[in-house]
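Colleague: I have a chain on the screen and would like to go through its architecture. Can we take it piece by piece?

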Amino acid sequence: MTITESPEVTRFCQYLQIKTIQPTPDYAACTQFLVNQAKEIGLEYQVVEPVEGKPSVILKLAGKDPSLKSILFNSHTDVVPVYRESWNYDPFAAERVQMEDGSYRIYARGSQDMKVTGSMYLEAMRRIKESGRQPLRNVYALFVPDEEIGGAEGMRALVETQEFKDLNACFDIDEGAISSTEKSFYFASERVSCHATFTAHGNTGHGSGFVQGTAIGKLLPIINELMEYRQSQLDELTAMSGAPMLNSGHFTTVNLTMLEGGKQANVVPATYSATFDIRITPNRDHLEYYKYLEDLAAKHDCEIDIPRREKANLATKLDASNRFMKAFLDTCDSQKRVPMEVIMPATTDARYVRQAGIPAVGFNPMRNHKSLAHNHDEYVVESEFLEGIPFYVELMLSLGNVEEIVDYKSSPL
Ligand SMILES: [Zn+2]
């Protein structure tokens with residue numbers, strides 16, 4: 001049986017056809033599409049461009065009481081490059097292909113990561129507007145650039161703008177992951193990324209002698225200690241039951257990624273450096289971990305440089321004691337999603353939102369679906385996309401309707 005294409009799917013495919021592919025994304029066309037959507041649905045919108053050529057589009061579902069803090073639904077507009085020869089479909093045609101079981105797949109780069117989510121936000125807002133329902137709080141859908149290349153000129157720049165601060169947000173729903181099982185994941189915390197470079201200075205000399213106090217001699221105990229720590233974390237992860245990918249956020253990974261120094265094979269180098277990519281689990285205080293690394297450097301007469309340090313609020317624990325978190329969990333329950341908390345093993349734009357002091361949860365309502373983010377022949381099962389829309393309708397309304405707690409004790413009688 002052939003199912004005719006619904007308007008929701010047509011609009012989703014139009015979004016997929018825009019070539020927002022790194023490293024030369026067509027953000028102009030993307031912005032135009034989103035602005036047209038806002039106009040069609042009847043939403044206020046703004047385009048914020050803190051860095052030229054890097055626009056974020058913000059759509060507003062106006063709440064009844066705009067003085068209350070607002071809710072964000074964030075998604076990124078860019079997609080990763082393709083190996084065209086490994087694709088059986090044109091990655092930007094958004095071809096709708098019927099399977100033997102009668103279901104439809106939509107093939108396109110970005111169909112999973114993460115235009116499907118952005119499209120669900122748009123369709124959910126459209127349905128809420130059409131139904132005449134209005135949340136108490138302002139609800140915003142954000143479409144930001146450059147997540148796939150680190151977000152420095154995307155979300156990181158956006159959170160610094162007055163326009164973002166004026167959104168007055170108190171909670172953010174952000175990028176999640178498609179689940180291949182019946183259960184869904186949510187990410188309420190993430191590991192802290194720490195790039196640390198240890199630099200040692202020491203005696204130099206001819207490579208034929210027993211030179212003492214060398215730069216490398218000072219670095220080696222640091223390398224050994226961190227590699228032993230790495231092994232201990234890996235041993236604990238291996239001993240833990242369940243899928244390593246889902247458990248990995250509970251551990252700190254350490255990778256020695258750069259060794260630099262030395263000019264010639266027969267000259268003992270005067271300076272040598274070792275750089276580590278360390279991802280600190282939120283189960284451990286990352287500020288204390290910085291201190292541990294500094295002490296380790298000092299103990300072995302080395303300098304240390306940690307160029308980017310994350311603030312303390314990044315890994316704030318988020319549970320049902322937060323009213324918005326409770327509304328999120330209740331919506332999962334009413335919408336028959338079984339959410340499992342996972343510590344994000346990698347990073348998303350949610351970290352910039354958290355750094356701005358706004359709690360953020362990464363979620364994707366799609367389940368029992370093959371995960372193909374960044375992979376060849378990326379596709380979305382059409383019915384899964386359509387079923388995700390009512391989920392976001394309910395989530396936008398339930399988060400948008402969380403009432404303000406009036407503190408009677410502090411207000412005059
Ligand atoms: Zn993504």
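Colleague: How do the axes of helix α1 and α3 cross, and within what distance do they come?
Modeller: First, a caution: this is a predicted model. Helix α1 covers residues 7–17. Its axis and that of α3 cross at roughly 135 degrees and come within 10 Å.

Colleague: Are α1 and α3 parallel, antiparallel, perpendicular or oblique to each other?
Modeller: Angles over 145 degrees count as roughly antiparallel, and 65 to 115 as roughly perpendicular. The crossing is at roughly 135 degrees. α1 and α3 are therefore oblique.

Colleague: Which residues make that contact, and how many of them are charged?
Modeller: α1 brings Glu 8, Arg 11, Phe 12, Tyr 15 and Leu 16. α3 brings Ser 111, Lys 115, Gly 118, Ser 119 and Glu 123. By class, the contact of α1 with α3 has three nonpolar residues, three polar and, to answer the count, four charged.

Colleague: At what angle do α3 and α11 pack, and how does that describe α3 relative to α11?
Modeller: α3 spans residues 111–131 and α11 residues 382–400. Their axes are 8 Å apart, and the angle is about 60 degrees. That makes α3 oblique to α11.

Colleague: Which residues of α3 and α11 meet, and how many are nonpolar?
Modeller: From α3 come Val 116, Met 120, Tyr 121, Glu 123, Ala 124, Arg 127 and Ile 128. They meet Phe 385, Gly 388, Ile 389, Tyr 392, Val 393, Met 396 and Leu 397 in α11. By class, the contact of α3 with α11 has one polar and two charged residues, and the nonpolar ones number 11.

Colleague: How many residues of α3 are buried, and which residue follows the helix?
Modeller: In α3, 17 of the 21 residues are buried, so the helix is largely enclosed by the rest of the structure. The residue after α3 has a positive phi, near 80 degrees. That residue is Gly 132.

Colleague: How do α9 and α11 run relative to each other?
Modeller: α9 covers residues 323–334. The axes of α9 and α11 come within 9 Å and cross at roughly 150 degrees. That makes α9, relative to α11, roughly antiparallel.

Colleague: Is the crossing of α9 and α11 left-handed or right-handed, and which residues of α11 make the contact?
Modeller: α9 passes α11 in a right-handed crossing. On the α9 side, the contact is made by Phe 324, Ala 327, Phe 328, Asp 330, Thr 331 and Ser 334. On the α11 side, the residues are Glu 394, Leu 395, Ser 398 and Leu 399.

Colleague: In which sense do β7 and β16 pair, and what stands opposite Asp 172?
Modeller: β7 covers residues 169–175 and β16 residues 360–363. They pair in the parallel sense over four bridges.

Colleague: Which glycine in the turn between β4 and β5 has a positive phi?
Modeller: β4 (residues 95–98) and β5 (residues 104–107) pair in the antiparallel sense over four bridges. They form a hairpin with five residues between them. The turn residue with a positive phi, about 95 degrees, is Gly 102.

Technical notes: Residues are numbered from 1 along each chain as its sequence is written. This is a predicted model: local features need pLDDT of at least 70, side-chain atom pairs count only at pLDDT 80 or more; totals for chains, interfaces and linings use all residues. Axes are lines fitted to C-alpha atoms, for helices over the stretch in contact, and angles run from 0 to 180 degrees between N-to-C directions. Helices (H or I, at least four residues) and strands (E, at least two) are DSSP runs, numbered from the N terminus. Angles under 35 degrees count as roughly parallel, over 145 as roughly antiparallel, 65 to 115 as roughly perpendicular and the rest as oblique. Two residues are in contact if their C-beta atoms, placed from the backbone, lie within 7 Å. Ala, Val, Leu, Ile, Met, Phe, Trp, Tyr, Cys and Pro count as nonpolar, Asp, Glu, Lys and Arg as charged, and the others, Gly among them, as polar. Two strands pair if DSSP finds at least two bridges between them. A residue is buried if 20 or more other C-beta atoms lie within 10 Å of its own, exposed if 12 or fewer, and partly exposed in between; C-beta atoms are placed from the backbone. A crossing is left-handed if the near helix is turned anticlockwise from the far one by less than a right angle, and right-handed if clockwise.
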